[in-house]
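Please view the sequence and the structure below before reading on.

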Amino acid sequence: MGPREGWEVFRHLPLSEQELAAIAANVGVVFALNALLLSAHGMTCSLQVRGSDHPYSERPLSSDHNQEANMNSQLNEEGQDLLFRNARTHNAWLPKPVSDDTLRQIYDLMKWGPTSANCSPARILFVRTPEAKQRLLAALAPGNIEKTKSAPVTAIIGYDGKFYDHLPKLFPHADARAWFADTPELAEVTARRNSSLQGAYFMIAARALGLDCGPMSGFDQAKMDHEFFPAAQKPNFEFEYFPDSHIKTNFLCNIGYGDPAGLYPRSPRLEFDEACKLL
Ligand SMILES: Cc1cc2nc3c(=O)[nH]c(=O)nc-3n(C[C@H](O)[C@H](O)[C@H](O)COP(=O)(O)O)c2cc1C
């Protein structure tokens, strides 16, 4: 069956002219054949469309229109390139500053990424000034020093080991604090897992705002924590950024506008069959 014939079989399905046009114009015969197969098995499938000019965007929106809009749209190729295919790990930076407002915008996007029980354990220290940068350098692996010096901002992605104290606000419909408060191992693994996820949301949010990222785990954690997250009860520490908390460093991420001249060649990724199994 050629593509034309493949398309024609859709005419026998109970679809409106608009839906047929959407399939033909935006989704293509391959997707359409998949839809047909699903339909033949008594299953439904939702159309994932690109761009706001799609005919579906003219449908009346239900009261829950935000949710509906999300279900019927997908990021276009350009957006996917920005977040993934063209996004690189940067090692050199253009002399272009990043405003505090942009840093706030990153947080205001990344905060919506999901965490278990909405626990949101990540705490971020944005290191911007030369004085603050200087305090960072002693903890870095030698290969990370120059790139960190030249980056407009280095974000220390930390995690709050006592994240559960915020659960009455963040997860108000259950006593979630009790799940973690007396189980330090569970609290630690939960804080690490979810702050790592939030670190990924951080990078995707920064990239969505047109910034570049340079994540780093090459640092001495004890030195970093001692310098930036001294325990609240210890005396003689000049800086306490998150009072009455228990923060540890997860990883660092330089952000700014990357200089493509400093990029390494792109390394390959595992193929689907090397990394995934369909059960
Ligand atoms: C958590 C994490 C830690 C990393 N640590 C370092 C580091 O300490 N130094 C470094 O030069 N690159 C570091 N990288 C960069 C990785 O090597 C890089 O992201 C990877 O090779 C993919 O590169 P690409 O994004 O350009 O494809 C780190 C990346 C991640 C995500």
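In the protein, 79% of the contacts with a separation of 6 or more are between residues 24 or more positions apart; two residues are in contact if their C-beta atoms, placed from the backbone, lie within 7 Å. The model is predicted: local features need pLDDT of at least 70, side-chain atom pairs count only at pLDDT 80 or more, and totals for chains, interfaces and linings use all residues. Numbering starts from 1 along each chain as its sequence is written.

The protein has 12 helices and 6 strands. These elements are DSSP runs numbered from the N terminus, with at least four residues for helices (H or I) and at least two for strands (E). Of the 279 residues, 24% are buried. A residue counts as buried if 20 or more other C-beta atoms, placed from the backbone, lie within 10 Å of its own, as exposed if 12 or fewer do, and as partly exposed in between.

**The sheet**

Four strands form an open sheet in the order S3-S4-S6-S5, with antiparallel pairing. S3 and strand S5 (212–216) stand at the edges with a single partner strand each, so one side of each has no neighbour in the sheet. On average, neighbouring strands here are turned by 30° against each other, direction ignored. Two strands are said to pair if DSSP finds at least two bridges between them. The pairs are listed below.

| Strand pair | Sense | Bridges |
|---|---|---|
| S3 and S4 | antiparallel | 6 bridges |
| S4 and S6 | antiparallel | 8 bridges |
| S5 and S6 | antiparallel | 5 bridges |

Arg123 has Gly158 in S4 as its bridge partner, Tyr159 stands opposite Lys248 in S6, and Met216 is partnered by Leu252 in S6. S6 is mostly covered, with 8 of its 10 residues buried. Helix H10 lies across S3, S4, S5 and S6 and runs at about 10° to S6; axes are lines fitted to C-alpha atoms, for helices over the stretch in contact, and angles run from 0 to 180 degrees between N-to-C directions.

In soluble globular proteins, nonpolar side chains tend to be buried together. The largest nonpolar core holds 38 residues, of which Ala155, Ile156, Phe202, Ala206, Cys253 and Ile255 touch the most other members. Elements giving two or more residues to this core include strand S4 (153–160), helix H10 (184–208) and strand S6 (247–256). H10 gives the most, with 7 residues. A nonpolar core is a set of buried Ala, Val, Leu, Ile, Met, Phe, Trp, Tyr and Cys residues joined through C-beta atoms within 7 Å. Not counting residues up to four places away in sequence, Phe202 touches Ile106, Met110, Ala155, Ile157 and Cys253.

**Thr148**

Thr148 belongs to helix H7 (residues 145–150). Thr148 is buried because 20 other C-beta atoms lie within 10 Å. Leaving aside neighbours within four places in sequence, Thr148 is in contact with Leu136, Leu137, Leu140, Thr154 and Asn254. The C-alpha atoms of Thr148 and Gln134, 14 residues apart along the chain, are separated by 9.9 Å.

**The ligand**

Residues around the ligand include Arg88, Asn144, Met216, Phe251 and Arg266; a residue is near a molecule if its C-beta atom, placed from the backbone, lies within 6 Å of it. By class, this shell has 4 nonpolar, 6 polar and 2 charged residues.

Notes. Nonpolar A, V, L, I, M, F, W, Y, C, P; charged D, E, K, R; others polar.
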